[in-house]
Amino acid sequence: MGTLRWHFLLQSLEDLQKNLFQLGSCLLVIQGEHEAVLRDHVPKWNITQVTLDAEMEPFYKEMEARVRRLGEELGFGVLSLVGHTLYDTKRILDLNGGAPPLTYKRFLHILSLLGDPEVPVRTPTAEDFQRCRPPDPALYECYRVPLPEDLKIPLESLSPWRGGETEGLQRLEQHLTDQGWVASFTKPRTIPNSLLPSTTGLSPYFSVGCLSVRTFFYRLSNIYAQAKHHSLPPVSLQGQLLWREFFYTVASATPNFTQMAGNPICLQISWYEDAERLHKWKTAQTGFPWIDAIMTQLHQEGWIHHLARHAVACFLTRGDLWISWEEGMKVFEELLLDADYSINAGNWMWLSASAFFHQYTRIFCPVRFGKRTDPEGQYIRKYLPVLKNFSSKYIYEPWTASEEEQKQAGCIIGQDYPFPMVNHKEASDHNLQLMKQVREEQNR
């Protein structure tokens, strides 16, 4: 977990603490390994019930099992409810007849049988919190939200995205105000290199738990009900929530979902192991300005558009470098504010054509793809200021500029900015043949 996500999480906890305090309640944060914490605090505070989200990921499934065993030993009840997803993934899998394979089309059919996702029976009110008995005020300081310096987290790295329910709700309201935009939204038509996000940018808030996906789902349903026409899944805004749900569902029933070996739905590929090339990709030194600008934004802000994710993921894997999707997934897990076990791994398998996606002949060009929506290269100029003085003719391919033009731009390629690390056409043609060969062998 990288520095930006740590800051985002701590900001979210501070915001939660403030909002609970205004309702007459409080948030106490205990640091430590969960079993030791429970053994210490259950008798000390006379705890009778522990509540948690019904989890799907292997690590948290095991943690929930240990908490239940502790409950039997120490005498507290455990309440586990589905909150992070729209549906109970177990019900979806049961209707699918057990474990995957589960196609997206089949998934949508099952959801049609289930109907709209359930909503809580009742939303807590201020009166509920007033009936709580606040703990001793002395506990506030002892169990406060830790500061970044308490956790030895660098202070110089701060994303422009601020964590917390308050910020998340403001973003939600801001986007839902334009009902025409909501009704007509189609994900493929959004712009990956706009200087402000061309999508809702709500994913970090769903990931950490600042926003409820059910709130978003039903707010969208109300807008759709009033519109004469609206976009539909998989490209609509509700469709984006259903993609999230799909990856959660498949991940919950697939062994070794975040790796290639032992993963029954993943194509087994002999990827290259090349630490130097991987490092150049991660540190925005590929020599392709569109790719490097995306990776720079990822480092600086912790968020990039989904089509930008497609571009850099394809470049690392089947497009240019033929490096395993697992390596890219680890980088995203560290740097993304919305890093997520199920969605991160699912998308990396998709973009490397290892699972879900089979149109592997479609390879993103690291020059033409970005130029299509931002011909002047404003996005590159923002995130790679070393190239800002190149004309739009050369901004995506500065190595094609003459030596004199490079001098005028104040950037010598090979000195101030690297040459392209590969010949894209040669590399992509070679990798396409490798992918065809892998698929033919495994089909046989």
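**Exercise 1.** At roughly what angle do the axes of helix 8 and helix 11 cross?

*Solution.* This is a predicted model, in which local features need pLDDT of at least 70, side-chain atom pairs count only at pLDDT 80 or more, and totals for chains, interfaces and linings use all residues. Residues are numbered from 1 along each chain as its sequence is written, and side-chain values use heavy atoms, with hydrogens and water left out.

Begin with the helices, which are DSSP runs (H or I, at least four residues) numbered from the N terminus. The axes, lines fitted to C-alpha atoms over the stretch in contact, with angles from 0 to 180 degrees between N-to-C directions, come within 12 Å for helix 8 (residues 165–176) and helix 11 (residues 213–226), and they cross at roughly 15 degrees. Helix 8 is therefore roughly parallel to helix 11, a class that takes angles under 35 degrees.

**Exercise 2.** Determine which residues of helix 8 and helix 11 meet, and of what kinds they are.

*Solution.* Taking contact as heavy atoms within 4.5 Å, Leu172, Glu173 and Leu176 of helix 8 meet Thr215, Phe216, Arg219, Leu220 and Ile223 of helix 11. These contact residues divide into five nonpolar, one polar and two charged, where Ala, Val, Leu, Ile, Met, Phe, Trp, Tyr, Cys and Pro count as nonpolar, Asp, Glu, Lys and Arg as charged, and the others, Gly among them, as polar.

**Exercise 3.** Find the helix that gives the most to the lining of the second largest pocket.

*Solution.* Helix 10 (203–208), helix 12 (237–252), helix 15 (306–319) and helix 17 (341–351) each supply at least two lining residues; helix 12 gives the most, with seven residues. A pocket is an open set of points on a 1 Å grid over the protein atoms alone, with protein on both sides within 12 Å along at least five of seven lines, and lining residues have an atom within 4 Å of a point.

Terms used: Parallel < 35°, antiparallel > 145°, perpendicular 65-115°, else oblique.
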